[in-house]
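This report describes the core, the charged pairs and the surface of one structure, in that order. Please keep the sequence and the coordinates at hand while reading.

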Amino acid sequence: MPHESDAVRVEKPWGYELHWAKTERYIGKVIHVEAGHALSLQYHNRKDETILLWSGRLLFELRQGNESRTWEMGPRERVHIAPGTVHRMTALEDCDVIEVSTPELDDIVRIEDRYGRAPAG
């Protein structure tokens, strides 16, 4: 039987991820984002994900085609992110986000990144 210690912790410049489930078909993560930090403005070519804000408040940016939307999310709000959708999360306070997605962990195209991880443009 798996235990909590079986989760894999991945350090990030904005906080960390806990990978708590991984199969050939899906992955489950807890994403902890520290207040004032943001993930990359990014999209995925294949990865399909749904996020649920578990605790905290964050600013969510979403762009699909020519339409863009930014809104504040609170606990229990969720959003589905289809492949090709540009998105970013910025923590207004410490946040824990639950993400369930297809398993393509390396499928990240960074457009902007505060931590120098986006390609030079």
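## Basis

Contact here means heavy atoms within 4.5 Å. The structure is a predicted model, in which local features need pLDDT of at least 70 and side-chain atom pairs count only at pLDDT 80 or more, while totals for chains, interfaces and linings use all residues. Residues are numbered from 1 along each chain as its sequence is written, and side-chain values use heavy atoms, with hydrogens and water left out.

## Nonpolar core

In the largest nonpolar core there are 17 residues, and I51, L58, F60, M73, V79, M89 and V97 have the most contacts inside it. Such a core is a set of buried Ala, Val, Leu, Ile, Met, Phe, Trp, Tyr and Cys residues joined through side-chain atoms within 4.5 Å, where buried means under 20% relative accessible area, exposed over 50% and partly exposed in between, with a 1.4 Å probe and protein chains only. At least two core residues come from each of β3 (27-33), β5 (49-55), β6 (58-64), β7 (67-73), β8 (78-81), β9 (86-91) and β10 (95-101); strands are DSSP runs (E, at least two residues), numbered from the N terminus. The most is given by β6, with 3 residues.

Not counting residues up to four places away in sequence, I51 touches, among others, F60, M73, V79, M89 and V97, and also the charged residues E77, R78 and E99.

## Salt bridges

The structure holds 10 salt bridges, each defined as a side-chain nitrogen of Lys or Arg within 4 Å of a carboxyl oxygen of Asp or Glu. A network of them links E17, K29, K47, E49 and E99. Within strand β3, K29 counts as buried at 5% relative accessibility, and K47 and E49, both buried, form a salt bridge with their closest N and O atoms 3.4 Å apart.

R57 and E72 meet in a salt bridge at 2.8 Å, N to O; because R57 lies in the loop between β5 and β6 and E72 in strand β7, the pair ties together parts that are 15 residues apart in sequence. R88 and E112 form another salt bridge, the closest N and O atoms being 3.1 Å apart, and this pair links strand β9 with strand β11 (residues 109-112), 24 residues apart. R88 is buried at 13% relative accessible area, whereas E112 is partly exposed at 39%.

## A backbone exception

R76, in the loop between β7 and β8, has a positive phi near 80° although this residue is not glycine. Most residues other than glycine have a negative phi. R76 is exposed, with a relative accessible area of 69%.

Key:
Helix = DSSP H or I, 4+ residues; strand = E, 2+ residues; numbered from the N terminus.
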